[in-house]
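User: I'm new to reading protein models and would like to go through this one step by step. Can we start with the strands and then move on to the helices?

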Amino acid sequence: MKRFPVKLSVMAALLFVLLMLPTAVSALDSQVDLYVDGKLVARNYNARLIEDKPYISQSFLNQELSVLTVWDDKSQTLALERGKYKAQFVLNERYAIMQGETVRIDAPPIVLSNEIYLPADAVSKAMALKMTWDVVKHALLLYIPVGDWTPPSSPSSPSSPSPAEPSSPATDTGSGGGQSGMPAANPGGSRDGVESAGGSTGGMSAIGSIQIVGDQVVIKADGAIQANTFTLTDPNRIVIDIPNSKLGTILNGEPSQLNGQITSTHPHIQRIRYALFSDNPSQVRLVVDLNQAVQYSLVPSNDPNQIILNISSKSYVVVLDAGHGGKDPGAIAYSGAYEKDYTLSLTTKIYQLLLEEPFIKPVLTRSDDTFIELDERAAIANRIDADLFLSIHGNTYIPSVSGTETYYYSSASKYFADVVHQHVVEATGFRDRGVRQQDYKVLRLANMPATLVEVGYISNKEQEELLYDSNFQDKIARAIVNAIKQYLQL
Ligand SMILES: [Zn+2]
């Protein structure tokens, strides 16, 4: 089992956020010119062609079409209003409410580069605008009917996002608990990266080669390149944005096209599509179409002109050990309850959550009230060559003592213990009694990184109440799952 440098956990956390991206973002999209009443009003980013359908941005609606927009984070709904015309669009959903009626739309609203984009034809219909899509000019022509409505004097309702801070449900993603269901910013929109890349190199790098070599996607250019990556599901794909890049005149030894694809014989990669995603600033986008969900990581390279993406579909076996059981009740809680019951309940919750993880195979040492010897618990993990071993316990001492302690034996287990401890302490809010090295048999005999967490003191009245509470156990279970995923960089 390799050990992971601590700094990579930041990347793992970032990846976790990125995995929360809405699923509907098209792999390849391109820019569209926008005309309102015959005048070219926008060329950059306000409109995009996504899966062959024209989309317009929320800020464009606000600024150029005088449509009021109000984003509701909870329902993920964007309400539009232009005079008497009202509509609601739900992020990633293929229906909208127009003048009170639910209408199917054939393209869902999505988040792209920190902005909400709406399908232009549905918006036109909802807001009674006239729209023409010019295929040849790649232009969207919008006409505001004359005299049907004049903009109100108050610019927008208080909860409407200001044009300066366009829409951005994504702005909330940074707040710790806000990850669930939150559409994250398109990391292509991690503009800092884009700008620093531009600033340092000053030039544009031409991509001359995109290849699949073993389990790696290798991209080579004639100058320094960097990648912003994120994943999309349904179907599974990895998007690689390369800021400040263009396609070379020769790609993989052939004259290059504006877009195209690389065929694949890799079991997990269907193909790689590429295109010039934007020409101001110039950015190439690659989409790795996958046959299944995979893990991937950017491999640090000595060659700045090269990007290497590692693909893997390894899954990890995690053994979960509910302390005590059967004839061994473990510690007796303040109220007289048995430790073995709390450990089984909490461990089962962790197990259930891990079953949902595509790259983790959880295994229980016991799933009921059975007695198992300590050496057998470790042996179960050793026999199946598990990647991690985690034992769950509750501590006991005099009633006034409380807090979380996490144990490890081998130094190879220290980092795993640290990560678990940090997450458990944060979730419980219990006193941090530290990560400690101890010669516990179950830890000593396990051949893989192993840790034992005494989540709290069941001999303490307040902590017992929390530790036996189902909702509180859910919280601990989620924290432990997050710790395992962080450790495994999932
Ligand atoms: Zn115990």
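User: How many bridges join strand 25 to strand 26, and which way do the two run?
Analyst: Keep in mind that this is a predicted model. Strand 25 covers residues 295-299 and strand 26 covers residues 306-312. Six residues sit between the two, and together the strands form a hairpin. They run antiparallel, and the number of bridges joining them is five.

User: Which residue in strand 26 stands opposite Val299?
Analyst: Val299 belongs to strand 25, which spans residues 295-299. Look across to strand 26 and you'll find the residue facing Val299: Ile308.

User: Which strands stand at the edges of the open sheet of six strands?
Analyst: The order in this sheet is 28-27-29-32-30-31, and the pairing is mixed.

User: In what sense do strand 27 and strand 29 pair, and which residue is the bridge partner of Val319?
Analyst: Strand 27 takes in residues 316-322, and strand 29 takes in residues 388-395. Five bridges link them, and the sense is parallel. As for Val319, its bridge partner in strand 29 is Phe389.

User: Are helix 7 and helix 10 roughly parallel or roughly antiparallel?
Analyst: Helix 7 (residues 414-428) packs with helix 10 (residues 470-488) at about 150 degrees, their axes 8 Å apart. Angles over 145 degrees count as roughly antiparallel. That's why helix 7 and helix 10 come out as roughly antiparallel.

User: How many residues in the contact of helix 7 with helix 10 are nonpolar?
Analyst: On the helix 7 side the contact includes Phe416, Val419 and Val420, while helix 10 brings in Ile476, Ala479 and Ile480, among others. The contact also has four polar and two charged residues. That leaves the nonpolar group, whose count is 10.

User: At what angle does helix 7 run to strand 30?
Analyst: Helix 7 lies across strands 29, 30, 31 and 32. Strand 30 is residues 404-408, and the angle helix 7 makes with this strand is about 170 degrees.

User: Where does pLDDT stay under 50, with 84 contacts beyond four places in sequence?
Analyst: Overall, the mean pLDDT is 81, and 81% of the residues reach 70 or more. Over residues 1-11, though, the pLDDT is below 50, with eight contacts beyond near neighbours in sequence. The stretch you're asking about, with its 84 contacts, is residues 150-201.

Key: Residues numbered from 1 in each chain as written. Predicted model: local features only at pLDDT ≥ 70, side-chain atom pairs only at ≥ 80, totals over all residues. pLDDT = per-residue confidence, 0-100. Contact = placed C-beta atoms within 7 Å. Pairing = 2+ DSSP bridges. Helix = DSSP H or I, 4+ residues; strand = E, 2+ residues; numbered from the N terminus. Axes fitted to C-alpha atoms, helices over the stretch in contact; angles between N-to-C directions. Parallel < 35°, antiparallel > 145°, perpendicular 65-115°, else oblique. Nonpolar A, V, L, I, M, F, W, Y, C, P; charged D, E, K, R; others polar.
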